Amino acid sequence: MDTEPLLSIGEFAARARLSPKALRLYDRLGLLTPAYVDESTGYRHYRAAQVERARTVVLLRRLGMPLADITATVRLDGEQAERAVAAYWADIEERHAERRTLVGYLRGRLSERGSEMYGKEFEIKTVDVPEQCVISESRHLLSEELPVWIGASTRRLEEAAESECGGVAASPFVVYHAEVTQDSDGPAEACVPVRDAAAARAWAAKAGGRRGTKSRVEPAHRIAYTRITKAQVSYPQILGAFEAVEAWVTRESLEVAGPCREIYFVEWDAAGPEDPVCDVAFPVAPAQ
């Protein structure tokens, strides 16, 4: 047994601002192990030097960090632990921003003032898009699968564009050829505009339709769009942006001339929850 004076579980709990019950739980999890356990009585004893770690655990718990994450964090060295806390909190802020936009979306729907609220929240613009050759992947999937698939498919297409199709010519976008919700599976098509149309056709022929790959020409068109933040991209709050554009198209005596799309113009992982990342758009034409 160490010669350093030991604290009983009650003494240590008082110094660490933890209950004996919590200390027993942390012992079972390997998060805060006693320095000595009396074999005959089962009493736990701690070193005074363990108080600092215990107080760190208390603070991380107040932050809302799960016990498994706390266990991993306190085992890291200073700089690594600091980065782990920063990453945890960045994730919390991102999810909070998503919930805040979801609350706004729900308020609009439940109050039946959706179009009025969306008209104030979303600024609608139009722009002419020139003809462009794109390479793409298509897939039937549900809304919860979209975030991972969009990121993975876009990365694959951008790599192919740079290595085989003359480079990326414009921002990647996702076309929804049918509804993608929790119950409806699209399909969705991830597209990357490329510089070399002939090379794109060769790439598509070589891919042989794997992952729904193809090359095609997007004809010139006009889109009505609204710009949204990373937090607003999450489903279902993104539906508010689509509904705002659709309502604007009707008010302007236009008509939707093609499937809706999301155009991504920044690096997703580098963006914060309040940074603009995406244009929600519909091709439009004068009403017939």
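In this predicted model, Val 134 stands opposite Pro 193 of strand β7. Local features require a pLDDT of at least 70 and side-chain atom pairs a pLDDT of 80 or more, whereas totals for chains, interfaces and linings use all residues of the predicted model. Residues are numbered from 1 along each chain as its sequence is written, and side-chain values use heavy atoms, with hydrogens and water left out. Helices (H or I, at least four residues) and strands (E, at least two residues) are DSSP runs numbered from the N terminus.

**Strand β7 and its partners**

- Strand β5 (residues 132-139) runs antiparallel to β7 and is joined to it by seven bridges; two strands count as paired if DSSP finds at least two bridges between them.
- Strand β6 (residues 173-176) is also antiparallel to β7, with four bridges between them, and Val 175 of the model stands opposite Glu 189 in β7.
- Strand β7 (residues 188-194) is largely enclosed by the rest of the structure, because seven of its seven residues are buried; buried means under 20% relative accessible area, exposed over 50%, and partly exposed in between (1.4 Å probe, protein chains only).
- In a regular strand the side chains alternate between the two faces of the sheet.
- Both faces of β7 are covered, with Ala 188, Ala 190, Val 192 and Val 194 buried on one side and Glu 189, Cys 191 and Pro 193 buried on the other.

**Salt bridges**

- Side chains of opposite charge can pair when their charged atoms come close.
- The whole structure contains eleven salt bridges, each being a side-chain nitrogen of Lys or Arg within 4 Å of a carboxyl oxygen of Asp or Glu.
- Glu 79 and Arg 83 form one of them (3.9 Å, N to O); they are four residues apart in helix α5 (residues 78-110), and therefore separated by about one helical turn.
- Glu 79 is exposed at 61% relative accessibility, while Arg 83 is partly exposed at 48%.
- Another salt bridge joins Glu 164 and Lys 206 (2.6 Å, N to O). Glu 164 lies in helix α7 (residues 146-164) and Lys 206 in helix α8 (residues 197-207), so the pair ties together parts that are 42 residues apart in sequence.
- Glu 218 and Arg 261 also meet in a salt bridge (2.8 Å, N to O). This pair links distant parts of the chain, as Glu 218 is in strand β8 (residues 214-218) and Arg 261 is in strand β11, 43 residues apart.
- Glu 218 is buried at 6% relative accessibility, and Arg 261 is buried at 6%. Salt bridges with shared partners join Glu 189, Arg 216, Glu 218 and Arg 261 into one network.

**Glu 262, a buried charge without a salt bridge**

- Glu 262 belongs to strand β11 (residues 261-264).
- Glu 262 is buried but has no salt bridge, and the nearest side chain of opposite charge, Arg 261, is 11 Å away; Lys and Arg count as positive and Asp and Glu as negative, with His and the chain ends not counted.
- The side chain of Glu 262 makes a polar contact with that of Tyr 264 (2.5 Å). A polar contact is a pair of N or O atoms within 3.5 Å; within protein, one must be able to donate a hydrogen and the other to accept it, and residues adjacent in sequence count only if both atoms are side-chain atoms.

**Cysteines**

- The structure holds zero disulfides, a disulfide being a pair of cysteine sulfur atoms within 2.5 Å.
- Cys 133 is in no disulfide, and the nearest cysteine sulfur, that of Cys 165, is 7.6 Å away.
- The sulfur of Cys 260 is 11 Å from the closest cysteine sulfur, in Cys 278, which is too far for a bond.
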